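Q: I am new to this structure and would like a close look at a single part of it. Please take the aromatic rings and tell me how they pair, and then go on to the ligand.

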Amino acid sequence: MKFFIDTANLSQIKEAQAMGILDGVTTNPSLMAKEGIKGEANILKHYVDICGLVTGDVSAEVLSTDFDGIVREGEALAKLHKQIVVKVPMIKEGVKAIKYFSNKGIKTNCTLVFSAGQALLAAKAGATYVSPFIGRLDDVSTDGFILIEDIRTIYDTYGYKTQILAASIRHPMHIVNCAKLGADVATCPLSAIMALLNHPLTDTGLAKFLEDAKK
Ligand code: G3P
């Protein structure tokens with residue numbers, strides 16, 4: 001399974017990249033705002049800066065909700081850097097735009113996906129990635145893992161190449177369960193990636209080895 005980091009924070013991207021386990025980055029307008037990145041020029045520069053830190057795909061989200069606007073913004077984003085993936089919301093105009101981008105060879109990430117039907121539409125339109133939001137389904141007492149399982153079944157049944165990018169990941173068991181269910185990618189906050197490292201038996205075992213080594 002590929003690991004993406006879900007942040008626009010350059011230090012966190014560098015930290016995950018330095019571990020050697022990072023395959024890409026996803027951002028969204030909320031994550032950009034969290035870093036205080038404002039204004040079109042600054043936002044575009046920030047995407048280029050992120051591309052300079054990693055070797056994999058970097059999702060950059062459009063703000064338009066009409067077909068022409070999504071296409072205009074998406075083409076400008078795709079021209080910024082070869083690693084840019086245009087992130088498009090799961091709405092009718094977005095599906096049309098994903099089909100357009102797919103025909104042009106521009107990579108897309110269909111975001112805000114909460115149902116298997118939405119994921120099927122994204123795949124039919126030719127999305128490179130589909131982003132089911134696991135944590136936000138948890139927030140409304142709905143099982144996001146069933147969604148991952150359903151999308152995997154549909155994509156495998158029909159041979160869709162769209163990659164399942166599990167998003168809205170909040171903790172390590174989200175990552176592990178998505179891996180067990182065959183998600184192609186998990187995009188995670190740095191805290192969830194780092195939490196994968198932790199086990200008390202590792203800590204006590206290491207302490208004992210180091211103590212015994214002194215004997
Ligand atoms: O990739 C989408 C993700 O950033 C949403 O996460 O925690 O805001 O639901 P969250």
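A: In this predicted model, a search of the whole structure finds six aromatic pairs. One of them joins Tyr155 and Tyr160, whose ring centres lie 5.8 Å apart with their planes at 75°, so this pair counts as edge-to-face, the class used for planes over 60 degrees apart. The two partners can also be described by their accessibility: Tyr155, at 1% relative accessibility, counts as buried, whereas Tyr160, with a relative accessible area of 22%, is partly exposed, because the limit for buried is under 20%.

Elsewhere among the rings, Phe67, Tyr100 and Phe101 are linked into a cluster by ring pairs. Phe67 has a further neighbour in Lys96, which lies over the face of the Phe67 ring at 5.1 Å from its centre.

Turning to the ligand, the residues that surround it are Asp6, Asn28, Lys87, Phe133, Arg136, Ala167, Ser168 and Arg170. Several of these bring polar side-chain atoms to oxygen atoms of the ligand: for Asn28 the distance is 3.0 Å, for Ser168 it is 2.6 Å, and for Arg170 it is 3.0 Å. Taken alone, the ligand exposes 310 Å², and 82% of that area is buried by the protein. As for its place in the structure, the ligand sits in the largest pocket.

Note on methods
Residues numbered from 1 in each chain as written. Predicted model: local features only at pLDDT ≥ 70, side-chain atom pairs only at ≥ 80, totals over all residues. Heavy atoms only, no water. Phe/Tyr/Trp six-rings, centres within 6.5 Å; stacked < 30°, edge-to-face > 60°. Buried < 20%, exposed > 50% of the residue type's maximum accessible area, 1.4 Å probe, protein only. Lys NZ or Arg CZ within 6 Å of the ring centre and 35° of its normal. Near = heavy atom within 4 Å. Polar contact = N/O pair within 3.5 Å; in protein donor to acceptor, adjacent residues only side chain to side chain. Areas by Shrake-Rupley, 256 points an atom, 1.4 Å probe, with all protein chains shown as cover. 1 Å grid on protein atoms, 1.4 Å probe; cavity = no way out; pocket = protein on both sides within 12 Å on 5 of 7 lines; lining within 4 Å. Sits in = over half its atoms within 2 Å of the grid points.
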